[in-house]
Amino acid sequence: MKDLDIILKYQELDIKLRKANDALEKSKSYENMEKARQDFSIAKKTRDDNEKTAENILSYVESAQKLSKEINAMLDRLAKKEEITDEDIAQLEKAKAKLSEVEAKISERKGQSEKIIREFLDAGEQGKKHKTAFEDNKKEFMELKATKQPEINELTKELKALEEKISPEVLKLYKSITAERKFPAFVDAYVDKDSYYCRGCGIALSQAKTSEYKNNPYCICEKCKRVIYKKG
Ligand SMILES: [Zn+2]
């Protein structure tokens, strides 16, 4: 295979880079940081939901106050009138009925309001705790990252330089295999009792694949889709 040495060097560095990145993403501080981030948003949602419910209750209380005022004003007007009509009575009854409706809604929610306030305050406390946990773990993670960063930067630079020396077609092939987290992407074949095997997945090459392999610089494994290259 053409430029095999460069490709294999590229692969070796790429695997190192993946390990360095994994060490960061799988670190305890990163995991804890992500967990604290999620917990914080759950607490925030609880707080927001309770706030909305509290606003609803408040709006019922406000409309009850408004209706009470209207009824009082109506009664004042009627007291000054000489003759009270059926229409006056009907209007008053209607306003009273509406008030009872709203009052019933408030009393239905009476038990709820204590719970809402408690949950709202608890979520606030929890939120603060998660925020602190997030910041502590972030600090620890950033320290860890700082120790790995020079290696990551160096590997990235070297990989970029090598990319220019690899044909675009081969590079594309490599990236499509590693995108599925198959490392190494380029493997050789080994021979056992006259059969050829893919070193990536260990499967024996079919007869057709074997002849393809023998007659070309490389072939694609039928099972794992890795590139099986020929040495030399
Ligand atoms: Zn394979």
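**Decide whether Lys-193 is buried or exposed, from the other C-beta atoms within 10 Å.**

Solution. Count the neighbours first. Lys-193 has 5 other C-beta atoms within 10 Å, so Lys-193 is exposed. The cut-offs are these: buried means 20 or more other C-beta atoms within 10 Å of the residue's own, exposed means 12 or fewer, and partly exposed lies in between, with C-beta atoms placed from the backbone. Lys-193 sits in the loop between strand 1 and strand 2 (195-198). Helices (H or I, at least four residues) and strands (E, at least two) are DSSP runs, numbered from the N terminus. Finish with the backbone. Lys-193 is not a glycine, but its phi is positive, near 50°.

The model is predicted: local features need pLDDT of at least 70 and side-chain atom pairs count only at pLDDT 80 or more, while totals for chains, interfaces and linings use all residues. Residue numbers run from 1 along each chain as its sequence is written.

**Repeat the analysis for Asp-194: where is it found, and what is its phi?**

Solution. Asp-194 is also in the loop between strand 1 and strand 2. Its phi is near 70°, again positive in a residue other than glycine. Asp-194 counts as exposed because it has 6 C-beta neighbours inside 10 Å.

**Find where Pro-184 lies, and state what the peptide bond from Phe-183 to Pro-184 is.**

Solution. Pro-184 lies in the loop between helix 5 (168-178) and strand 1 (186-192). Omega from Phe-183 to Pro-184 is near -10°. This peptide bond is cis.

**Describe how helix 2 (residues 28-80) and helix 4 (residues 110-163) pack.**

Solution. Two packed helices are described by the angle between their axes and the distance between the axes. Here the angle is about 155° and the axes are 7 Å apart. Axes are lines fitted to C-alpha atoms, for helices over the stretch in contact, and angles run from 0 to 180 degrees between N-to-C directions. Helix 2 is therefore roughly antiparallel to helix 4. On this scale, under 35 degrees is roughly parallel, over 145 roughly antiparallel, 65 to 115 roughly perpendicular, and the rest oblique. The crossing of helix 2 and helix 4 is left-handed (the near helix is turned anticlockwise from the far one by less than a right angle; clockwise would be right-handed). The contact of helix 2 with helix 4 holds 14 nonpolar, eleven polar and nine charged residues. Nonpolar covers Ala, Val, Leu, Ile, Met, Phe, Trp, Tyr, Cys and Pro; charged covers Asp, Glu, Lys and Arg; the others, Gly among them, are polar. Now look for burial. Met-33, Ala-36, Ala-43 and Asn-50 of helix 2 are buried. The buried residues of helix 2 pack against helix 4.

Solution. The crossing of helix 1 and helix 4 is left-handed. On helix 1, the contact residues include Ile-6, Tyr-10, Leu-13 and Leu-17; on helix 4 they include Leu-144, Ile-152, Leu-155 and Leu-159. The contact of helix 1 with helix 4 divides into twelve nonpolar, two polar and seven charged residues.

**Zoom in on Leu-155: which residues is it in contact with, leaving aside neighbours within four places in sequence?**

Solution. Leu-155 belongs to helix 4. Its contacts are Leu-13, Lys-16, Leu-17 and Ala-20 (in contact: C-beta atoms, placed from the backbone, within 7 Å). Leu-155 has 19 C-beta neighbours inside 10 Å, so it counts as partly exposed. Leu-155 and Ile-15 are 140 residues apart in sequence, but their C-alpha atoms are 9.9 Å apart.

**Work out the packing of helix 2 and helix 3 (residues 86-108).**

Solution. The axes come within 9 Å and cross at roughly 160°. Helix 2 is thus roughly antiparallel to helix 3. The crossing of helix 2 and helix 3 is left-handed. Among the contact residues are Val-61, Leu-67 and Ile-71 of helix 2, and Leu-92, Leu-99 and Val-102 of helix 3. The contact of helix 2 with helix 3 has twelve nonpolar, three polar and six charged residues.

Definitions and conventions
Contact = placed C-beta atoms within 7 Å.
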